[in-house]
Amino acid sequence: MVLAGLGSAFLLASLALVVLSAGVGLVAGRGDDHRLAAVGRRAFYAGAAGLVGASAVLLAALLTRDFTVAYVFEHSDRSLSIPLTAAAFYGGQEGSLLYWALLLSAMGSVSLAAGAAASVRLTAYANAVLAGIVAFFLVVMVFVASPFALLPVTPTDGLGLNPLLRDGGMLIHPPFLLAGYSAFAVPFAFAIAALLAGRQDAAWVAHTRRYALVAWGLQSVGLTLGMWWAYHVLGWGGYWGWDPVENAALMPWLATTAYIHSAQVQERRGTLRAWNFGLVIAAFLLTILGTFLVRSGVLPSVHSFAVSPLGPWFFGFLVAAVAVSGAALARRSGQLRSPVPVEAAASREGAFLLQNVLLVALTAAVLWGTLLPLISGMTGRELVVGAPYYERAGAPIMLALLALLAVGPLLPWRRVRGGWLKLLRWQLAGAALVLAALLAGGVRQPGALVALPLVAAGLVTCLLEYGRGAAFARRLAGPWPAAAVRVLGQNRRRYGAYLAHFGILVVAAGLIGSHVWQQSREVTLRPGESVTVGAHTLTYEGMASRSAGDHDELVARLRLGDETLEPARLTYPSLGGQALTRVAIRSTPLDDVYVVLAGADGDGVAVTVFVNPLVTWIWVGGALLVAGVLLGNLVRPEAEVERAPAPVGATAPAR
Amino acid sequence: MRASLKWLGLGVVVAACVGYLVVSATGSSAEYYQTVGEMRSHGSSGDVRVLGTVQNDVVRTDGGLHVRFSAAQDGQTMPVDYRGTVPDIFKPGIQVVVDGRMGSDGVFHARTLEAKCPSKFSSAQSQGTPTN
């Protein structure tokens, strides 16, 4: 009771402060007024402090099991462990809004404090935009969906958490995704600020580079963990189902991927200005659109979201954001012509542009598939598309992106001189080698025969770049490995990016392998009987049932070589007999044997056995990708010195 | 000017390719999504996705890998036959989405069966209760 009042007070104070901050920031930006700008920033910091207070109160209410608060009652119970209870903070609708606003205000504060030294005007406008976004979340929490709403009567215990969600992967993937989306509001705010301030230079790009990378890294972690959770917990043998909820998370990631590449073109060559504004705005709008689609229940999804009053609010915010960004872009459209057009298609900037166009096309294809039920529903009967649509429309685009991963990093800025064959000889050799090996191994699936050689060519490109860096270090910087470490340290941004490329190629190999070569069988087995899937033979040995706390377990034992796999079915009598599958997975670098216990029939069992080749590489690649982001992101942009050799065939100095 | 025309042309070509991909993929894989009631009133040919609530007549054989039940929605009912792994939360009262086609035997033969799954935004007790 006391806690709820305190929390509501924090939210209200925070709202007043950010509204003040937005107004003051706008006035300060117009007048280029240093003192007012400082007032606006301080109001924003204070608003952020209020959100920290509100978050602490919500956590306290959860951990002290204060069931007077509706949110605590709905998302936890007395038997829930401490970490899961704390995770309920962002596990529900209202709490996730508070979590989003908290992160946005924290990252916004850091970006404003850093930006104020560089440009008062730009930062004042950015302050206004960020405060406006935080204000939207606070209005929703204060007036529509308060995390501190009280119950009329105090229950003795809460409703608890669904067992499907009591899992580490479920605990950690949503907060990463939400953090990634909220972080991307910083580049958006500075882009709008640059438009409002009439600045077309790359200052906003340079200033927000790290926030965009942090946002992208967090989204990548969130997506990878989400796939990991789906694969290990849901028990359907796959990791990605093209559900609207997954697409809503994928689209902003695709747009952010495009932006972190095109931003480099603007930084290096001063071109693609209008495009970059458009991309940042689009990426931000996609995060809001995704939230709207997920929360409003307008799309048919296997996730049945509680119908919430938030749909219209997010739709309104989306419309407002489109209007503001559109007006800001239109006002400056005359001044946004790039001074240097892209000179030649066969250049680094040409490759970046093509990569961008492909990623935008992929985003558009996913968006079309996601919105098709809405669009067709308006004109007649509702149409839906599933995995076949996304595979047919997306695969050619993804193959083109794989080819670009092999070629793009080799191309010099401005234009290529010299023959293609000479430039690509090692990549072609690598691709040919893999193709020959696949053919010799009896592979006949066209998808694998095209995609895996492309992956090999891309890996060759990354390795060559590392090799060239190492050779350079030995020649110029003295004996290595010390020299190699120094070259790496001085070009973290470049080598971090190649590591991320390496990671995404490894992920691609995993996706291709598990997609093309997945095998599965559904069988009923009596004790002693065997089933063979691919190269693996499983023998059913027997079954055991036991009681474990709040649930009963039915465990089957299957022998695979000298290992025993134990898939299980858990039943929760307290939750109306809800069943939960526990998948048994035996992972090796080559393939996963994935066994689901479908049911029991006398002393026999029904099992589904999947063999998923190369799945492990998806998780390994995801980790490499994130390591690459961390490596490239820890350097200050000012301290960046290009000391690595220029790419083959370069005609111009690096800058 | 020449350069920008060239880029514009390239953009048009790329957009046309992507447009073709999207349209052809939609044409070859889009399915109607409807409730049991809507399907009964529109009739159906080819693959459709149907939303319905599982009734009390569930029969599971083959250790649970083969399931027959009736799905109902909007006052209409249809028999469903499905072979494969059944979702954990499948039981009478929940909503399912089946993907498949109506056979000449008057039974809907489902290739996939998905249960509307719990989201992090709803609590345990609200699961497993009929929502229509």
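This is a predicted model: local features need pLDDT of at least 70, side-chain atom pairs count only at pLDDT 80 or more; totals for chains, interfaces and linings use all residues.
Okay, hi everyone. Let's start with the helices. Two packed helices are described by the angle between their axes and the distance between the axes. Our pair sits in chain A: helix α17, residues 446-476, and helix α19, residues 492-517. Their axes come within 10 Å and cross at roughly 160°. Angles over 145° count as roughly antiparallel, so that's what we call α17(A) relative to α19(A). And the crossing itself is left-handed.

So who's touching whom? On the α17(A) side you'll find, among others, Gly447(A), Ala451(A), Val455(A), Leu459(A) and Tyr466(A). On the α19(A) side, the residues include Tyr498(A), Phe502(A), Leu505(A) and Ile512(A). If you sort that contact by class, you get 15 nonpolar residues, four polar and one charged.

Next, the core. Which residues have the most contacts inside the largest nonpolar core? They're Ala193(A) and Val607(A), and that core has 236 residues. Let's click on Val607(A): leaving out residues up to four places away in sequence, Val607(A) touches Val523(A), Leu525(A), Ala556(A), Pro567(A), Val595(A), Val596(A), Leu597(A) and Ala598(A).

Last stop, chain B. This chain has two helices and seven strands. Read from the N terminus, the order goes α-β-α-β-β-β-β-β-β. Chain B has 132 residues, and 36% of them count as buried. Now take the contacts in chain B between residues at least 6 apart in sequence: 49% of those join residues at least 24 apart.

That's my tour, thanks!

Conventions: Residues are numbered from 1 along each chain as its sequence is written. Chains are lettered from A and ligands numbered from 1 in the order in which they are written. Axes are lines fitted to C-alpha atoms, for helices over the stretch in contact, and angles run from 0 to 180 degrees between N-to-C directions. Helices (H or I, at least four residues) and strands (E, at least two) are DSSP runs, numbered from the N terminus. Angles under 35 degrees count as roughly parallel, over 145 as roughly antiparallel, 65 to 115 as roughly perpendicular and the rest as oblique. A crossing is left-handed if the near helix is turned anticlockwise from the far one by less than a right angle, and right-handed if clockwise. Two residues are in contact if their C-beta atoms, placed from the backbone, lie within 7 Å. Ala, Val, Leu, Ile, Met, Phe, Trp, Tyr, Cys and Pro count as nonpolar, Asp, Glu, Lys and Arg as charged, and the others, Gly among them, as polar. A nonpolar core is a set of buried Ala, Val, Leu, Ile, Met, Phe, Trp, Tyr and Cys residues joined through C-beta atoms within 7 Å. A residue is buried if 20 or more other C-beta atoms lie within 10 Å of its own, exposed if 12 or fewer, and partly exposed in between; C-beta atoms are placed from the backbone.
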